[in-house]
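Please read the following report alongside the sequence and the coordinates. It moves from individual side chains to strand pairing and then to the chain as a whole.

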Amino acid sequence: MHPNQLTFNETSAIEVIGFGRFYTFYNYLEINGLYEKHQPLADVDGLFWYWGVGGFVGFSSYDDGYFGTTDSSTSLGVTGVGGVTYQFSNIPLSVAVDWMPRIALSRGGFYGGFFGSRGGGAAVRYAFGG
């Protein structure tokens, strides 16, 4: 399990992920809530694959700063996640890679439709306080 998740048992967890971009003219913030299932992968201690489903809310705004062109919107949608994680046994460190496709159910601003290329990444996590 990832050290930043709220775990229910050995195979179930909830994870909240937030990210955003803040530029001169365009800003967005997205918050995802996911319910995840984790299963051991192969016969390697500490290696897991996981999948999950949840939802997101996204906020975007645009202001060109010159001609008075402004826009802001809120979007809601469904999020999925799938990935692989490895938890080191002798130190409180884990590494992971995952993919987070999303489908916006309400269209607004730069949000709308299926986003297969906007989500996912790689992570190195340290658990404070063991």
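Is Glu-15 buried or exposed, judged by its relative accessibility? Glu-15 counts as buried, because its relative accessibility is 3%. This value, like the others below, is computed from a predicted model.

**Salt bridges**

A search of the whole structure finds two salt bridges. In one of them Glu-15 is paired with Arg-125, and the closest N and O atoms of the two side chains are 3.6 Å apart.

| Glu-15 | Arg-125 | 3.6 Å |

**Aromatic rings**

A pair of aromatic rings is described by the distance of the centres and the angle of the planes. The structure holds three aromatic pairs. For Tyr-26 and Tyr-28 the ring centres are 5.7 Å apart and the planes meet at 45 degrees, so this pair is tilted. Both Tyr-26 and Tyr-28 are buried, and together with Phe-19 they form one aromatic cluster.

Which geometry do the rings of Tyr-86 and Phe-88 adopt? Their centres are 4.9 Å apart and their planes stand at 90 degrees, so the pair is edge-to-face. Tyr-86 counts as partly exposed, at 27% relative accessibility, and Phe-88 is also partly exposed, with a relative accessible area of 28%.

**Strand pairing**

The protein chain has zero helices and nine strands, so that, read from the N terminus on, its elements run β-β-β-β-β-β-β-β-β. Strand β5 (residues 70-87) and strand β6 (residues 93-99) pair in the antiparallel sense over six bridges, and a hairpin of five residues joins β5 to β6. Within this pairing, Gly-82 stands opposite Trp-99 in β6.

Strand β6 is also joined to strand β9 (residues 121-126) by six bridges, and these two strands run antiparallel. Here Val-97 stands opposite Ala-122 in β9.

Most residues other than glycine have a negative phi, and most peptide bonds are trans. Ala-42, although it is not a glycine, has a positive phi of about 60 degrees. Ala-42 lies in the loop between β3 (26-40) and β4 (47-63), and at 59% relative accessibility it counts as exposed.

**Surface and the chain as a whole**

Which residues form the nonpolar patch on the surface? The patch is made up of Ile-14, Val-16, Phe-22, Leu-29, Ile-31, Tyr-35 and Phe-59, which together have about 640 Å² of accessible area. The elements that contribute two or more residues to this nonpolar patch are β2 and β3. One of its members, Leu-29, lies in strand β3 and is partly exposed, with a relative accessible area of 34%.

For the protein chain as a whole, the accessible surface comes to about 7800 Å², and 62% of it belongs to carbon and sulfur atoms. Of its 130 residues, 33% count as buried. Among contacts between residues at least 6 apart in sequence, 49% join residues that are at least 24 apart.

Note on methods
Residues numbered from 1 in each chain as written. Predicted model: local features only at pLDDT ≥ 70, side-chain atom pairs only at ≥ 80, totals over all residues. Heavy atoms only, no water. Phe/Tyr/Trp six-rings, centres within 6.5 Å; stacked < 30°, edge-to-face > 60°. Buried < 20%, exposed > 50% of the residue type's maximum accessible area, 1.4 Å probe, protein only. Pairing = 2+ DSSP bridges. Helix = DSSP H or I, 4+ residues; strand = E, 2+ residues; numbered from the N terminus. Contact = heavy atoms within 4.5 Å. Areas by Shrake-Rupley, 256 points an atom, 1.4 Å probe, with all protein chains shown as cover. Salt bridge = Lys/Arg side-chain N within 4 Å of Asp/Glu carboxyl O. Patch = residues over 30% accessible without salt bridge, like charges linked within 9 Å, V, L, I, M, F, W, Y side chains within 5 Å.
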